[in-house]
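Hi,

Here is the structure I promised to pass on to you.

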Amino acid sequence: MTEKEILNSKYWEDLRSKSALAGITLDEDINPRDFETYGNRLAERQLSIIEDHGLTATSSSRILDLGCGIGRISRPFSDRFSEVVGVDINAEILAVAKEYIGEKNNVSLIENDGRTIPFQDNHFDYVYCGGVLQHIPDIDVIAGYFSEGLRVLKPNGILNFSIQTWMTSRVGGISSPRIGAMVLAKDIDTLLNETGHKLIAIYDDVEDPVPHFNIVLSKRDPVAAQKSITSRASDPVRISSNDVTPRKLRTGIFEDLPSYTQLSLLWVNGRKRPITFFTAPEPKSPGKLSKNIKRIKRFLRGD
Ligand SMILES: C[S@@+](CC[C@H](N)C(=O)[O-])C[C@H]1O[C@@H](n2cnc3c(N)ncnc32)[C@H](O)[C@@H]1O
């Protein structure tokens, strides 16, 4: 088996039994119309987040949707940005994306190797990766995508990546290949201290049954980045859970959509979990893990 097949199958084994729509939303009853509405609202929400931080979807913007799936976000983005590139490891899902997005000459869909972004440096204004890294169990792949995302981003461009917040392990997956590796606060510190780029925001999607937070960074040009690296050498960045802003990202996005009833109930009735930024040492025994794990298992069983 090649490395790409391993990366691909780890994620997709779990999804093959479901439809692409159900696999992506975790909602068995999702209908195509709701899926589309959900994607449009999610894209608008993402746009408002980047606009909060000074990037507007102007006609000159070029965006990358990393792990684009069937194009839930790429499609609405293509109405707003002049050029959208969807990259995904999975050829089958890209074939579905092609149909879902339809004929649009400002969208390209590209299969990658599961680790690298096949573009030159400083190419994109915005690099978005949502609902992907939190499912990847290999921490090196996640770290590699941060550095690849920053490489292909133009100076002053914005990177917005989502990462899981469950207390799993450094290799991810409690009982499901869908649960990605634990990202430590110190990983983000190291990234910021070593690259000199700017942390704009970390926000927690408090309503999501697959908990995650988004990290939003701005790429500095080489001179500004070097200056920042030098100043951080004596005063390193140390982020913590306190830097995370709870954001009701999904509320208002789809609770009026009929096929989300079940998930909504889960959120409404579910115990609110505290945000964890994994600064604690990795737990030795899974038996000692927090109540979060029980909740995850319950969720995975569909209780
Ligand atoms: C849950 S779907 C999310 C799709 C899309 N971002 C969305 O929000 O609708 C995750 C996607 O990530 C892709 N993926 C998983 N591992 C990947 C990797 N190592 N490199 C690139 N894409 C990957 C999968 O093929 C799948 O299409």
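How many bridges join S1 to strand S2, and do the two run parallel or antiparallel? Five bridges link S1 with S2 (residues 83-88), and the pair runs parallel. Please keep in mind as you read on that this is a predicted model.

S1 itself covers residues 62-66, and four of its five residues are buried, which leaves the strand mostly covered. Leu66 sits opposite Val87 of S2. S1 also pairs with strand S4 (residues 124-129), again in parallel, through three bridges. In that pairing, Ile63 is the residue standing opposite Tyr126 of S4.

Next, the helix H3. It takes in residues 32-52, 21 residues in total. From first C-alpha to last it reaches 30 Å, close to the 30 Å expected at 1.5 Å a residue. After H3 comes Gly54, with a positive phi near 90 degrees.

Finally, a word on the cysteines. Cys68 counts as buried because its relative accessibility is 6%, under the 20% cut-off. Cys129 is buried as well, with a relative accessible area of 0%. As for disulfides, a search of the whole structure finds zero.

Happy to hear what you make of it!

Best wishes

Methods
Residues are numbered from 1 along each chain as its sequence is written. This is a predicted model: local features need pLDDT of at least 70, side-chain atom pairs count only at pLDDT 80 or more; totals for chains, interfaces and linings use all residues. Side-chain values use heavy atoms; hydrogens and water are left out. A disulfide is a pair of cysteine sulfur atoms within 2.5 Å. Buried means under 20% relative accessible area, exposed over 50%, partly exposed in between (1.4 Å probe, protein chains only). The expected span of a helix is 1.5 Å times one less than its number of residues. Two strands pair if DSSP finds at least two bridges between them.
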